[in-house]
Structures are given as structure tokens and as C-alpha cells.
Amino acid sequence: MPTDETPTPERRRTTRAYGPEANRYDRRTTAYQRWRDAVVEKLDVGAGDTVLDVGCGTGLCMSALQGKVGPSGTIVGIDASDEMLGLARARATHNDWHNVRLLSASEPAALQDVQADGALFCAVHDVLQSPAVLSQVVEHLRPGAPVAAAGGKRPPIWAWGLRGWVRSLHSPYIEDFTGFDRPWRLLATHVPDLNVRELAFGTGYLATGHTPAPTP
């Protein structure tokens, strides 16, 4: 059985993709940009809001998020990779985005003083499979906050011919494909009205909803 000392091939590839090879991430995932823009467009936030960009990576959703929250809003990006955060920081500096705050997920109290108006989960399958991470994120969202998620998924049985291609496409960025048939399943336990739309012949999805509203 693999252990932390003997990482799986998926984990080794993921470590490289988000570590030493992080500067190639933008180029390798260019084709996904339209889906990043699409999921941000579906996130129901507006000017002045604070958005939590979970697994922000190099900040590829931040331009679209700026268009939603404006200079009076705040984008809080959190990621486990220092290399990815460094690239996100450089992107924010280059674009003069003074309303971007970047946090390391390796810090236990990273979100301690964050209270967000919405959350984005874009292409972060491993994050969505962690009950602890999801609970922590939801704790830092206001009641009734909008949530949007998008990413790849295992194609349905009728599209079995695409399964190998989809796994190969995502394997550099996913450590564990558990739950890849319904990546949103744990998120749905925190977002009662989660609406899921499958995309591209069932090889992807876009999900939107809200955390539970405040009790009257």
C-alpha cells in the first residue's frame, strides 16, 4: 500500500505540476480558461463583495473575479503550493490588483479573520474531496453565501471511450480520482440547493448554489 514515503504516480505528477513546474501551468491549461470565466460568471457576487478563491493556483480566475467585485471588493486566494502562490502574487502585482490577499493553506489559521460573501472552487478536485477543508471554508462564509464550482469528471458509461483521455488530461493535477464520477457530492452536503450541470459530453461540470440561509 502506498504511503507518504512512497507516493503514488498521481501524487508525484501533481507535486511537480504545482511545484517545480508551476510556471508551466498557465500554458498547459489555456484551453480551460473559458470554463474558468464561465464559473466565475455564474458566481452570484457583486461590487464590494469578498470572494474566497479556494485553490487559487496562479490566479487564473482573478481577472474575471475583478470584473465581479470591482476595486471595492476583495479576492482572498488560498492555495497549498508556495510556487503557485508566488505566481499569483506576481500576477496581482503586474495588474495592480491591490484588493487581492493571498494565503497559504499550510497555515492552520490562514482563514482565521476571513468572512467571505462567496466562494469559488475551480478545477480543485482534491480539495472538493476533503470534508475538513470544505467545512472550514463554509465556516468562513456568511449564511446564504453563493458558491460556484467547476472541473472535470469521469464521463458517463455511454461515453466510456473518453474515460482514458479524461484521466490522462487531469492526472497531472489530481492526486486521487476517488469521487471523480460526482466531484460535487461532498459540496452538496454544505450547499442544499446545489444545481449541477454537466458539460462537454459529461467530461466536466458546473455547479452553483448557496450555503444555508440564516434561521429567522
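# A guided look at charges, rings and buried residues

Arginine 167 lies over the face of phenylalanine 177, 4.1 Å from the ring centre (a charge sits over a ring if NZ of Lys or CZ of Arg is within 6 Å of the ring centre and within 35 degrees of the ring normal). This is a predicted model, so local features need pLDDT of at least 70 and side-chain atom pairs count only at pLDDT 80 or more, while totals for chains, interfaces and linings use all residues. Residues are numbered from 1 along each chain as its sequence is written, and side-chain values use heavy atoms, with hydrogens and water left out. Helices (H or I, at least four residues) and strands (E, at least two) are DSSP runs, numbered from the N terminus.

**Aromatic rings**

- The structure holds 5 aromatic pairs; rings of Phe, Tyr and Trp (its six-membered ring) pair if their centres lie within 6.5 Å, and planes under 30 degrees apart count as stacked, over 60 as edge-to-face and the rest as tilted.
- Why is the pair of phenylalanine 177 and phenylalanine 180 edge-to-face? Their planes stand at 90°, with the ring centres 5.0 Å apart.
- Phenylalanine 177 is buried, at a relative accessible area of 6%, and phenylalanine 180 is buried too, at 3% (buried means under 20% relative accessible area, exposed over 50%, and partly exposed in between, with a 1.4 Å probe and protein chains only).
- Tryptophan 184 and tyrosine 205 make a tilted pair, 5.2 Å centre to centre with 55° between the planes.
- Tryptophan 184 sits in the loop between helix H8 (163–170) and strand S6 (195–199), and tyrosine 205 in strand S7 (residues 204–210), so this pair ties together parts that are 21 residues apart in sequence.
- Both partners are buried: tryptophan 184 has a relative accessible area of 8%, and tyrosine 205 has 2%.
- Tyr18, Tyr25 and Tyr173 form one aromatic cluster.

**Salt bridges**

- The count comes to 6 salt bridges, where a salt bridge is a side-chain nitrogen of Lys or Arg within 4 Å of a carboxyl oxygen of Asp or Glu.
- Arginine 91 forms a salt bridge with aspartate 26, and the closest N and O atoms are 2.4 Å apart.
- Because arginine 91 belongs to helix H5 (residues 82–94) and aspartate 26 to helix H2 (residues 25–28), the pair ties together parts that are 65 residues apart in sequence.
- Arginine 91 is partly exposed at 22% relative accessible area, and aspartate 26 is partly exposed at 26%.
- Aspartate 113 and arginine 101 meet through their side chains in another salt bridge, at 2.8 Å from N to O.
- Aspartate 113 counts as exposed at 55% relative accessibility, whereas arginine 101 counts as partly exposed at 32%.
- Glutamate 198 and lysine 153 also meet in a salt bridge, at 3.5 Å from N to O.
- That pair links distant parts of the chain, with glutamate 198 in strand S6 and lysine 153 in the loop between S5 and H8, 45 residues apart.
- Glu21, Arg24 and Arg28 are linked in a network of salt bridges.

**A buried charge**

- Aspartate 53, in strand S1 (residues 50–54), is buried yet has no salt bridge.
- The nearest side chain of opposite charge belongs to arginine 36, 8.8 Å away (Lys and Arg count as positive and Asp and Glu as negative; His and the chain ends are not counted).
- Leaving aside neighbours within four places in sequence, the contacts of aspartate 53 include Cys61, Met62, Leu65 and Leu120 (contact means heavy atoms within 4.5 Å).

**Helix H4 and its cover**

- Met62, Leu65, Gln66, Lys68 and Val69 are buried in helix H4 (residues 62–69).
- These residues cover an arc of only 160° around the axis, which puts them on the same side of H4 (the arc is that of the directions from the helix axis to the C-beta atoms).
- Their cover includes helix H3 (33–42), S1, strand S2 (74–79), strand S3 (100–104) and strand S4 (118–122).
- Just after H4, glycine 70 takes a positive phi of about 70°.
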